[in-house]
Amino acid sequence: MRRVLTIVLAVAGGPALAQGPEDMPLQVIPRTAAETARIARVLAAPQDFSKAEMFEAKSGGAASVRVRPGADAFSQFSGNMAFDRQMNFNLGNALFTKAWVPSPASTLASDGLGPLFNARGCQDCHLKDGRGHVPGPQESAVSMFLRLSVPGGGNPAEIKDWLATQDEPTYGGQFQDFAATGIASEGRMVIDYTEVPVTLADGSVVSLRAPRYSVADLGYGPMASDVMLSPRIAPQMIGLGLLEAIPEADILAQVDEEDADGDGISGRASMVPAGADGAPMLGRFGFKGGKAAIRDQSAAAFQGDMGLSTALHTDPWGDCTAAQTACRAAISGQEPGVRDGLEVDHQSLDLVTFYARNLGVPERRGVDDPQILRGKQVFYDSGCTSCHTPKYVTDRLKDQPEQSFQLIWPYTDLLLHDMGPGLADNRPEGRATGSEWKTPPLWGIGLTAHVSGHTEFLHDGRARNLLEAVLWHGGEAQASRDAVVALPKDDRDAIIAFLESL
Ligand code: HEC
Ligand code: HEC
């Protein structure tokens, strides 16, 4: 821990980070008309599925990284990062991996954890910069947690359709299963699974596990009877800076709230208050698009997941409510004049944001393989691209050369879709209803087993492989899911091989 302190201080002499409050929204250089026309040609759907498209293997454009076979595949910096910025990435990495401790502690640079928390460090959940996993029967829920809310409450911003909810009055906005010594933990998340068989057209049977969530061993009495729970598993961390750099207009152009084109797929933008001034921005991060920017999401993680204050959430007690008096009164890691008077100083938030922006997306494998090309065609024919939009060109950015003007292949529209009752958490968040989820990017998904040692997918890890993930699709994606159920085995294998190659 001492070592972390010295390197963090050493950055004062390093290259300046082009971040800070002024990078919200990002500093965009407008496109010329000629560029816009050229980009439209590059983004057109392929006509010929017998060979790979130009640059298709480079999922993250020039920021892509060479695939490493082992567990470090998601832990490399953007492939186009200049040498003098790599030090900042390494400093951000040190903060992302470090384990914080409750106050008071002798390790002053790392104290302030909690009093309530879900994990001691970012990396405890975003394991190997990949996704988390469902806890085993005897395991506490480190890389997964429950969001909490109750209906009602005022509209926090001037945002159309904002669904009024507020935090659970005693337990707050998130259920923390750990607490500092002397403070009661909030309790434990319980998951019960029921197996549900699905028969495919060729007669083979796939079993889906349907989860039910509840809470036990409550440390602060009963929860409100109308509490709404939303399970969330930590998502993979690659390519986030590139998603942040997709032109907002290109995402909003895909919105079809009333399904005017009649394809059964609407697509709504999550709009959320962002940054220090709370102005509405497009929500691109979180499973319901609850955060507009990586900085916002990271500061919220420090606060909600770890109980650490930052410039964006200055209370040192994290998610403790006024009803949790001992928790509010506990010693914090905040001291005037130290670490900007916060538990996580401005520079540390900048460094973590820089790190989270720059985890490189691995290149595709086997883009020219005939089975994978066939699978790509089946993916298009099954309507998957109506939500999993294959490609974009990112904005030109003043201070972010790694993300600036790249042809990327994330396979997401970053919009909210009604995914049907099977996947619904029945808990609205912002503009997102209780059955809407944001389309997640699919890049890197084929490396999940290498990085994480498991293949659990969807917002709560209920799917145990890619086919199960697809079979859970309902609502607006019902026709796509039915198309996959109807596929002959060869084509089903091909679409899975395609997903594995991403
Ligand atoms: C207790 C587990 C946990 C910890 C600790 C944690 N995260 Fe997360 N992280 C999550 C979950 C769950 C989500 C999805 C949140 C949502 O849907 O609102 C997430 C989402 C994110 C995202 C958005 C990713 C995306 O694709 O939308 C970023 C960025 C992120 N976390 C950064 C961090 C940073 C930085 C830290 C440390 C300061 C951190 N996280 C600590 C669980 C965790
Ligand atoms: C109507 C929009 C829509 C369509 C069409 C659609 N998806 Fe999805 N997809 C989503 C959303 C939203 C999620 C996240 C759901 C969740 O986490 O509960 C998702 C999740 C996934 C996942 C899991 C991702 C992860 O990181 O866990 C895979 C794999 C996937 N989709 C593949 C497909 C395939 C293949 C098709 C075509 C057969 C398809 N999707 C069609 C919206 C869509």
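User: How many aromatic pairs does a search of the whole structure find?

Analyst: This is a predicted model, in which local features need pLDDT of at least 70 and side-chain atom pairs count only at pLDDT 80 or more, while totals for chains, interfaces and linings use all residues. Residues are numbered from 1 along each chain as its sequence is written, chains are lettered from A and ligands numbered from 1 in the order in which they are written, and side-chain values use heavy atoms, with hydrogens and water left out. Rings of Phe, Tyr and Trp (its six-membered ring) pair if their centres lie within 6.5 Å, and planes under 30 degrees apart count as stacked, over 60 as edge-to-face and the rest as tilted. By that rule, the search of the whole structure finds 11 aromatic pairs.

User: Which parts of the chain does the pair of F77 and F89 tie together, and how far apart are they in sequence?

Analyst: The rings of F77 and F89 are 5.5 Å apart from centre to centre, with 75 degrees between the planes, and form an edge-to-face pair. Helices (H or I, at least four residues) and strands (E, at least two) are DSSP runs, numbered from the N terminus. F77 lies in the loop between α2 (33-43) and α3, whereas F89 lies in helix α3, so the pair ties together parts that are 12 residues apart in sequence.

User: Is F89 buried or exposed?

Analyst: Buried means under 20% relative accessible area, exposed means over 50%, and partly exposed lies in between (1.4 Å probe, protein chains only). F89 has a relative accessibility of 2%, so F89 counts as buried.

User: Is the pair of Y171 and F175 stacked or tilted?

Analyst: Y171 is buried, and F175 is buried as well. The ring centres of Y171 and F175 are 6.2 Å apart and their planes meet at 50 degrees, so the pair is tilted.

User: Which ring does R462 lie over?

Analyst: A charge sits over a ring if NZ of Lys or CZ of Arg is within 6 Å of the ring centre and within 35 degrees of the ring normal. One such case is R209, which lies over the face of Y193 at 4.4 Å from the ring centre. R462, at 4.5 Å from the ring centre, lies over the face of W472.

User: Which protein atom is the donor to the iron atom of ligand 1?

Analyst: Donors are N, O and S atoms within 2.8 Å of the metal (3.2 Å for Na, K and Ca), and since water is not among the atoms, sites may look incomplete. H126 is placed in the loop between α4 and β3. The iron atom has a single donor from the protein, 2.0 Å away, and this is H126 (NE2).

User: Which element gives the most residues to the shell around ligand 1?

Analyst: A residue is near a molecule or strand if one of its heavy atoms lies within 4 Å of it, and of the 27 residues around ligand 1, those that come nearest are C122, C125, H126, G286 and F287. A polar contact is a pair of N or O atoms within 3.5 Å; within protein, one must be able to donate a hydrogen and the other to accept it, and residues adjacent in sequence count only if both atoms are side-chain atoms. For ligand 1, an N or O atom in the side chain of R147 is 2.9 Å from an oxygen atom of the ligand. With five residues, the element that gives the most to this shell is α7.

User: Which residue has a backbone N or O atom 2.7 Å from an oxygen atom of ligand 2?

Analyst: There are 25 residues around ligand 2, and the closest are C384, C387, H388, H459 and H473. A polar side-chain atom of R131 lies 3.0 Å from an oxygen atom of ligand 2, and a polar side-chain atom of H388 lies 2.8 Å from a nitrogen atom of ligand 2. The backbone N or O atom at 2.7 Å from an oxygen atom of the ligand belongs to L458.

User: Is D129 buried or exposed?

Analyst: D129 is not a glycine, although it has a positive phi of about 65 degrees. D129 lies in the loop between α4 (122-125) and β3 (144-151). With a relative accessible area of 1%, D129 is buried.
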